[in-house]
Amino acid sequence: MAWNDLVELLKGHKTYLQTHNFPDPDAIASAFGMQQFLKKHGVETTLCYCGAIDKISTKKMLTEFGIDIKEYSQITDMQEEDYIVTIDGQKYNSNFTDLPGDEVACIDHHPTFIECTYRYKDVRIVGSCATLVTEYYVESGTPMDRNVASALMYGLRMDTASLTRGVTELDIEMFGYLYKYADNDKITKFYINNMEMSDLKAYGAAIENINVINGIGFAHIPFDCNDGLIAMISDFILSLNEVSVCIVYADRNGGYKLSVRSVDENVHSGKLTAEALKGIGDGGGHSFMAGGVIYSDIDEHIKDNIEAEVQKRFLNAVNKGCENVR
């Protein structure tokens, strides 16, 4: 990571910081933190995403931290020559819409499944993207205000489940740095009243439909709900003593959105998802958590038997015991 190279690359160009679709707290905090970092070094940027911000705690972030992030439909003047820095995601991923601008840089903490050439690339496997953004401040000696520190701390805590999931030494080091500057009382409030009554319907559907086979839990939510909620339900089911791998999927625009979790050291969530969805969708992620989609144009026979198809594909991928899922 050479922070000054990124600054020099972006100077004099209209620049967007684009998160993955339906951004979660880590994506929003990371984009916001990077925006403020670049501003201190003379680079103005616009935050953007595609999709929607549905989760109530994520909506609260925008108000509490004063974050201005635009859904792409609100942007009418993006040109091909404009620069894009992808934050918490990479071009060609299934959860990253290809916008008209030029993706010249990438800052992400997920594994790379489809290679893309950037003029600046900082992709490292750590617990949260907020960790990487925080390091830019530390390495450059750039002052960080309380608001930015609080947002980055919240993003880091959410993506690592409060330092219990996918944590590296760098995450812990940056957590210690942020702790000194963040408003931890404000962050704690985000964990209170962070669900809506409508969320209970999705939990109820998942509980009603859960099926556990050889330690692998499957749950189909037969209606659309936001990505953050699907992920929360996946974490919830993974907390069951009988479950070491969890696949939760919800209807989405004629196809399906998936959240996959694993605490089995022999099953890599990202590789498992990519393997299981070959030919009908796309997905990937970390060893412990991943996401994916099943395309809307799949065969009608598969749609009519989606529970059986998902179970068969994931069980077959796990039972292969091959490098594809390890």
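**View 1. Buried residues and overall build.** Of the 326 residues in the protein, 55% are buried (under 20% relative accessible area, with a 1.4 Å probe and protein chains only). Keep in mind that this is a predicted model, where local features need pLDDT of at least 70, side-chain atom pairs count only at pLDDT 80 or more, and totals for chains, interfaces and linings use all residues. Residues are numbered from 1 along each chain as its sequence is written, and side-chain values use heavy atoms, leaving out hydrogens and water.

**View 2. The largest nonpolar core.** Here 49 residues come together, and Leu6, Leu10, Met34, Leu38 and Ile107 have the most contacts inside the core. A nonpolar core is a set of buried Ala, Val, Leu, Ile, Met, Phe, Trp, Tyr and Cys residues joined through side-chain atoms within 4.5 Å. Among the elements that each supply at least two residues are helix H1 (3-10), helix H2 (25-40), strand S4 (83-87) and strand S5 (102-108); helices (H or I, at least four residues) and strands (E, at least two) are DSSP runs, numbered from the N terminus.

**View 3. Zooming in on Leu10.** Which residues does Leu10 touch, leaving aside its neighbours within four places in sequence? Its contacts (heavy atoms within 4.5 Å) are Thr15, Leu38, Val43, Tyr83, Val85 and Val104.

Note on methods:
Buried < 20%, exposed > 50% of the residue type's maximum accessible area, 1.4 Å probe, protein only.
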